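Subject: Structure handover and notes

Dear colleague,

I am handing over the structure we spoke about, and my notes on what was found in it follow directly below. Please read them with the model open beside you.

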Amino acid sequence: MTNNLEAQLLALQQEGEKAIAAAETLERLEELRVSYLGKKGQLGALLRSMGQMSAEERPKIGAIANTVKESLQTSLDQQRTTLEAAKIRSQLEAETLDVTMPGFYRPQGRIHPLNGIIDRALDIFVGMGYTVAEGPEMETDYYNFEALNTPPDHPARDMQDTFYLPDGNLLRTHTSSVQIRYMEKEEPPIRVVAPGRVYRRDNVDATHSAVFHQIELLAIDRGLTFTDLKGTIKVFLQEMFGELPIRFRASYFPFTEPSAEVDLQWNGRWLEVMGCGMVDPNVLKAVGYDPETYTGFAAGFGVERFAMVLHQIDDIRRLYASDLRFLQQF
Ligand code: DAH
């Protein structure tokens, strides 16, 4: 009986160690642990028959059973360590990075010089409390001219040669039309800046384009004066160009009274950079504002002109050619 049990225990140990050493996965190893050492495992089953043993036999078999158990546990632990190490090794191998492989070249995008100028200008005005607004490029005569104090027979219409559409509408010649649209929707006080495309029947050359960009500026409030206009323009131009001399030169626009042109001293020459003035009372009346209560100032300037000056661009057409050799310089 005893010898038989002893032989069985030793056979179990041998068989178990062989199976454990042959286990190729951690899952298989766990199966073996349960099968040999688990609560309902083979070792337990053998030991349960100890109940029929005599008191002298019992400690001897118990000691052997313990050795078998320890030995199997040690084998399991060793095999587990081996399999875990192998698993990590194979993961590392599968995930190997070849740091000498050439990377993917992703061409870097750039901001177009015109958008760069628009972004900077809007930033400056937003910093002064202005809101950004936009209006349609196809306009009615009313928003582009009439509401801006420029009736049909007004000679100032010749200042801007207009593209008319067959239906009587037109392509806006300036962003000043956004002044009217914005004032119709909003009530004073108003601080608004409006960027956008404008169209003129100009022959294209180094300084003219039939499509270009403007930024419009409008402030309406109680008690605004020409001083406010000058201060605002000065801050803006100095942020844009640096601390350069500027001058206000009397001029004419139908929608402002008085009107001025702003010159900037650039490389020793006076350069005209924008038009401006106090909003004409007729413009305020056109949108239902009382000119006795409100005054305001407005200004407009060409984005291309700013870009050409700031980036020393000699031909306006370069801004539209999409030539990478040009664009990559920004
Ligand atoms: N709209 C004018 C132009 O296109 C520019 C301009 C001048 C805008 C005076 C204004 C202004 O708002 O007050 O030439």
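In what follows, a residue counts as buried if its relative accessible area is under 20%, as exposed if that area is over 50%, and as partly exposed in between. Please bear in mind throughout that this is a predicted model.

I begin with the aromatic residues, of which the structure holds 12 pairs. Tyr142 and Tyr143 make up one of these pairs, an edge-to-face arrangement with 5.3 Å from centre to centre and 80° between the planes. With a relative accessibility of 14%, Tyr143 falls under the 20% limit and therefore counts as buried, whereas Tyr142, at 32%, is partly exposed.

Because Phe226 belongs to helix α8 (residues 226-241) and Phe248 to strand β6 (residues 246-253), the pair ties together parts that are 22 residues apart in sequence. Phe226 is partly exposed, with a relative accessible area of 25%, and Phe248 is likewise partly exposed, at 23%. Elsewhere, ring pairs join Phe125, Tyr130, Phe236, Phe241, Trp266, Phe301 and Phe306 into a cluster.

Two members of that cluster, Phe125 and Tyr130, are also among the residues that Leu217 touches. Leu217 is part of strand β5 (residues 211-221) and is buried, with a relative accessible area of 1%. Leaving aside residues up to four places away in sequence, its contacts are Phe125, Tyr130, Gln179, Val192, Ile233, Phe297, Ala298 and Ala299. Leu217 and Phe125 are separated by 92 residues in sequence, while their C-alpha atoms are 8.7 Å apart in space.

As for annotation, the unreviewed UniProt entry assigns residues 123-321 to "domain: Aminoacyl-transfer RNA synthetases class-II family profile". Over residues 123-321 the chain is 24% helix and 33% strand, and the end C-alpha atoms lie 27 Å apart.

Which residues of α2 are buried? They are Leu26, Leu29, Leu32, Tyr36 and Leu37. Seen down the axis of α2, these buried residues fall within an arc of 110°, so they line one face of the helix.

Finally, some backbone details deserve a look. Most peptide bonds are trans, and most residues other than glycine have a negative phi. The bond from Pro188 to Pro189, however, is cis, with omega near 0°, and Pro189 is found in the loop between α7 (177-185) and β4 (190-199). The bond from Glu257 to Pro258 is also cis, with omega near -5°, and here Pro258 is found in strand β7 (residues 256-266). Positive phi values occur at Asn149, near 65°, which is placed in the loop between α6 (141-144) and β3 (170-171), and at Asn267, near 50°. Asn267 is found in the loop between β7 and β8 (269-279) and is exposed, with a relative accessible area of 68%.

Technical notes. Residues are numbered from 1 along each chain as its sequence is written. This is a predicted model: local features need pLDDT of at least 70, side-chain atom pairs count only at pLDDT 80 or more; totals for chains, interfaces and linings use all residues. Side-chain values use heavy atoms; hydrogens and water are left out. Buried means under 20% relative accessible area, exposed over 50%, partly exposed in between (1.4 Å probe, protein chains only). Helices (H or I, at least four residues) and strands (E, at least two) are DSSP runs, numbered from the N terminus. The arc is that of the directions from the helix axis to the C-beta atoms. Rings of Phe, Tyr and Trp (its six-membered ring) pair if their centres lie within 6.5 Å; planes under 30 degrees apart count as stacked, over 60 as edge-to-face and the rest as tilted. Contact means heavy atoms within 4.5 Å. UniProt positions are given in the numbering used here, feature names are shortened, and annotations may be inferred rather than shown by experiment.
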